[in-house]
Every structure is written in C-alpha cells, then in structure tokens.
Amino acid sequence: MKAAIVHCSQTGFTRTYAEWLAEELGCEATPFANRSSIPMSETDLLVFCSWFHAASIKGSKWLKKVMAEHPHLSVVVLATGAAPMPNDAHEAAEVESAFRRTFPQEEYPELPHFYCQGGFDYDRLGMADKLAMRMFFKMNAKAAETDPKAAEMLRVMKAGFNGTNRDYLDPVLDHVRGRG
C-alpha cells in the first residue's frame, strides 16, 4: 500500500502527529504547502492531518476536491484541537459535531476521522488569530472571576500547552493497519 500524509499545521502540533504517523507508516509527512508534489493517482491511502479553526478543518476544501478527483483513494482525516481528548459520550459528540460541520454525514458517510489533542502556543499564531484570541481572553475574563473551570481554562490557554501524545494515534494506526 502506498501511503501519503499531508499536514496543515500553524503552530506545529499537527505536524508532530503527521511526523509520528509517517514514521509508523514508512512514508513522508508532506506540508500542506507542498501537497501538489504527491502523485495522488499513484497513492492508495491519504492521511490528511489538520486542525480545527473557526468551526471547520483547515484545508478541507482541497481534500474534498482530491476525494472527488480520485475516487480510488482511501482517505483518513486526523483533526487536532486545543480541547482535551473526549472522556465521555457528550465530549465525543462535540468532537463529532465539529467534524460534521466540515464533512457532513450525508455527503461523507464513510469517511474515517479521528481527533487528537494538540496544543496552544499564542506566540506561533498568525496575526488574525492573535487578535481573535485577545478578544476570546477578554470575553472570558469576566466568567473566570466566578467560575473556577473558566478561570483554569483561561490560565492554561494564556500560558500555552503541548497536549500531544503519540499514544493518541493508536486508533488511527489500528484503522490504517486493519485495512491490510
């Protein structure tokens, strides 16, 4: 099986997962900017690693086009975000809902998709995202005065964190390897 990995990463956490997957699958982790270098007609499996941004998955427009142009291609999506790994059905449903905003169930019923916690590093954000995060911090400061959970979330986001964990990739690897 000829596998390819394309990653769209702003702050490096998604790239980390893509590189770990590439090590496991014996292929390259290609940055989104170089995606045209991958010969899709010669590829059996494409793992697209990206991140949740403004209620969608970055680069998804390109991926949808690739899937339409290459119906033979098996595709797996790995999306990252700042939220912790889901611990219960409610949290899993929130992640699923976020994924389905980009890849609606009616259009992509069989698309395998996974979530891994990434991290947050304000200093690595682009200018527009820095401005948005400043507004987010201001909006949540009032709630943090009376809500300990909101205060902790705000503290963690302001300090930044790296939530990547190679073990989070186990379900992705199990899925890919199970296909033979």
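Trainee: How many aromatic pairs does this predicted model hold?

Mentor: The model is predicted. Rings pair if their centres lie within 6.5 Å. By this rule the count comes to 9 aromatic pairs.

Trainee: Is the pair of Tyr 122 and Phe 137 stacked, edge-to-face or tilted?

Mentor: The two ring centres are 6.4 Å apart. The planes stand at 40°. Planes under 30 degrees apart count as stacked, and over 60 as edge-to-face. So the pair of Tyr 122 and Phe 137 is tilted.

Trainee: How many residues apart in sequence are the parts that this pair ties together?

Mentor: Tyr 122 lies in the loop between β7 (119-120) and α4 (127-146). Phe 137 lies in helix α4 itself. So the pair ties together parts whose separation in sequence is 15 residues.

Trainee: Are Tyr 122 and Phe 137 buried or exposed?

Mentor: Buried means under 20% relative accessible area. Both Tyr 122 and Phe 137 are buried.

Trainee: Which residue has its charged end over the ring of Phe 137?

Mentor: The charged end in question sits 5.7 Å from the ring centre of Phe 137. A charge must be within 6 Å of the ring centre to count. The residue is Lys 158.

Trainee: Which residue lies over the face of Phe 32?

Mentor: Phe 32 forms one aromatic cluster with Phe 48 and Trp 62. Over the face of Phe 32, at 3.9 Å from the ring centre, lies Arg 35.

Trainee: What span should helix α5 have?

Mentor: Helix α5 covers residues 148-159, which makes 12 residues. The expected span is 1.5 Å times one less than the number of residues.

Trainee: Within what arc do the buried residues of α5 fall?

Mentor: The buried residues of α5 are Ala 150, Leu 154 and Met 157. An α-helix has 3.6 residues a turn, so residues three or four places apart point the same way. The buried residues of α5 line one face of the helix, because they fall within an arc of 65°.

Trainee: Which exposed residues does the other face of α5 carry?

Mentor: What covers the buried residues of α5 includes β7, α4 and β8 (161-162). The face turned away from the buried side carries exposed residues. These are Pro 148, Lys 149 and Ala 159.

Trainee: Which residue caps the N-terminal end of α5?

Mentor: A side-chain oxygen of the capping residue lies 2.9 Å from the backbone nitrogen of Lys 149. The cap is Asp 147.

Notes:
Residues are numbered from 1 along each chain as its sequence is written. This is a predicted model: local features need pLDDT of at least 70, side-chain atom pairs count only at pLDDT 80 or more; totals for chains, interfaces and linings use all residues. Side-chain values use heavy atoms; hydrogens and water are left out. Rings of Phe, Tyr and Trp (its six-membered ring) pair if their centres lie within 6.5 Å; planes under 30 degrees apart count as stacked, over 60 as edge-to-face and the rest as tilted. Helices (H or I, at least four residues) and strands (E, at least two) are DSSP runs, numbered from the N terminus. Buried means under 20% relative accessible area, exposed over 50%, partly exposed in between (1.4 Å probe, protein chains only). A charge sits over a ring if NZ of Lys or CZ of Arg is within 6 Å of the ring centre and within 35 degrees of the ring normal. The arc is that of the directions from the helix axis to the C-beta atoms. Contact means heavy atoms within 4.5 Å. A polar contact is a pair of N or O atoms within 3.5 Å; within protein, one must be able to donate a hydrogen and the other to accept it, and residues adjacent in sequence count only if both atoms are side-chain atoms.
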